[in-house]
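Subject: Structure for your review

Dear colleague,

Please find below the structure that I am handing over to you, with its sequence.

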Protein chains: 2
Amino acid sequence: MSPRVKNAAATREAMLASAGRRFLQESYENVGLRDIAGDAGVDVALVSRYFGSKEGLFREVLRGSKGNWLEAGVTRETLPAWLACLATRNHTLQDDRQDLERLLLILRSASSPKAARIVHESFRENVLTPVADLIDGEDPELRASLALSLVIGSTILRTIMEVDAFSTCDAGPVRERLLNLFRTALADTPAERGGASA
Amino acid sequence: MSPRVKNAAATREAMLASAGRRFLQESYENVGLRDIAGDAGVDVALVSRYFGSKEGLFREVLRGSKGNWLEAGVTRETLPAWLACLATRNHTLQDDRQDLERLLLILRSASSPKAARIVHESFRENVLTPVADLIDGEDPELRASLALSLVIGSTILRTIMEVDAFSTCDAGPVRERLLNLFRTALADTPAERGGASA
DNA sequence: AGCTCAAGTCAACGGGCGTGGACATATAAA
DNA sequence: TTTATATGTCCACGCCCGTTGACTTGAGCT
């Protein structure tokens, strides 16, 4: 084979990119290093060389899509709307919004023993805690968990289970229902139902 | 090795049982036929002989836990409470209630390409449709999906992600919040919020 | 008893996997 | 130009997987 141009940083990025794409669509177990290397136009051995192991590569992919999972500018008030948007957004490749991708990346490999620890930590650190920190009042982690349950569930239903009841209905009512649910889930007191609706 | 007693029906059941247990805790991909056969005290070859293939075995396991996923006696009125109960119930082995087990079995292997079709069909047929059929009004499938999203999400959070914010709070408020959410999700009109609260 | 056939075991195969060491080559310094 | 080193390829190892065919052994029948 004609060896590829020698640019360490670029090939590293290429591998990370193809790994991200693969891990996003198939789970950790179902992706082979040969697939990833192939997509990046690189030999398999390079992956182990650069990232130590498959596990290391996966960890790096998750670390790469780190930081502000919550989009900048999301506040306590706009959170329900943002979550509702997230719960209905279809996953498209070459999307600049990476929120759904990150969540899906986590969900896909959630029950892979090798990736479990990494996934759990990443979820806690990057999605659960930020949301819990954003809301205030009592039991923030519980309320965040409730809201995220809904996001996770709907995402799994749509993307993994391929049951999309959301898009077969009018978008308006769906959005309204979801907003209502998220407000209820995030509400400070159990009885209260959301604040300003504007 | 000392060959086991010869009882076709019994060994078949033993294999199905150990397969169910394994598939429940690890995903389709992460369970080896050798594990299953080992648990059942049987040679690996018997699995392929009895069920044709690993896929066939998995299908049979899901078919075995078929039928009334909705517990008998659950009505439109008691559905929210039942779902709330399901969303908080911890999974324990040797449990006679098999609802959670069945759902978990489906969720664990949801993103395994080999098992995907079987899982999707089983979910649609055994959990989504029954719930949608139970409620009436407009967009039953949408409302069922919303409620099931919550069940799925919370189950994944607790069982797979190992983030249990539910049990670290008082059970009372948690239950109240969940009930409220399920009533909202299943409500006929978007604005309405559930009926009589006991 | 002896016979028969289902029930179960054993050994091996082909294939994919992640990984590591030996080798090749493009780039940059001397 | 020669040399040195980072960069990338090739190859093969060991492991585990699902599956198959040939063999063994138990149970039931006459």
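The notes below begin with the single chain, then turn to the contact between the chains, the core and a few individual residues.

Please bear in mind throughout that this is a predicted model.

**Chain A**

Chain A contains nine helices and zero strands, so its pattern along the sequence reads α-α-α-α-α-α-α-α-α. The C-alpha trace of chain A spans about 65 × 35 × 30 Å along its principal axes. Of the 198 residues in chain A, 40% are buried. Among the contacts in chain A with a separation of 6 or more, 64% are between residues 24 or more positions apart.

**Symmetry and the contact between chains**

Chain A is superposed on chain B by a rotation of 180 degrees with 0.0 Å of shift along the axis, at an RMSD of 0.1 Å. The two copies are therefore related as by a two-fold rotation axis. A:Gly153 is the residue of chain A that comes closest to this axis, with its C-alpha at 2.1 Å.

The contact is formed by 44 residues from chain A and 44 residues from chain B. On the side of chain A that touches chain B, α7 (113-134), α8 (140-160) and α9 (171-186) each supply at least two residues. The greatest contribution to that side is from α8(A), with 14 residues. By class, the side of chain A that touches chain B comprises 23 nonpolar, 11 polar and 10 charged residues. Because 100% of the interface residues of chain A are also interface residues in chain B, the copies meet through the same surface.

Just after α8(A), A:Glu162 adopts a positive phi of about 60 degrees.

The largest nonpolar core has 108 residues, and those with the most contacts inside it are A:Ala147, A:Leu148, A:Phe182, B:Ala147 and B:Phe182. Here too α8(A) gives the most, with 11 residues in this core. Leaving aside residues up to four places away in sequence, A:Leu148 touches A:Val127, A:Leu128 and A:Val131 as well as B:Gly153 and B:Leu157.

**Two individual residues**

A:Ala115 lies in helix α7 of chain A. Is this residue buried or exposed? With 23 other C-beta atoms within 10 Å, against a cut-off of 20 or more, A:Ala115 is buried. Not counting residues up to four places away in sequence, A:Ala115 touches A:Tyr28, A:Phe58 and A:Ser109. The C-alpha atoms of A:Ala115 and A:Asp133 are separated by 26 Å, the two residues being 18 residues apart along the chain.

B:Gly56 belongs to helix α4 (residues 54-64) of chain B. It has 14 other C-beta atoms within 10 Å, and B:Gly56 is therefore partly exposed. Although B:Gly56 and B:Ile118 are 62 residues apart along the chain, their C-alpha atoms are separated by 9.7 Å.

Yours sincerely

Conventions: Residues numbered from 1 in each chain as written. Chains lettered and ligands numbered in written order. Predicted model: local features only at pLDDT ≥ 70, side-chain atom pairs only at ≥ 80, totals over all residues. Contact = placed C-beta atoms within 7 Å. Helix = DSSP H or I, 4+ residues; strand = E, 2+ residues; numbered from the N terminus. Nonpolar A, V, L, I, M, F, W, Y, C, P; charged D, E, K, R; others polar. Least-squares fit on C-alpha atoms with pLDDT ≥ 70 in both. Buried ≥ 20, exposed ≤ 12 C-beta atoms within 10 Å, placed from the backbone. Core = buried A, V, L, I, M, F, W, Y, C linked by C-beta atoms within 7 Å.
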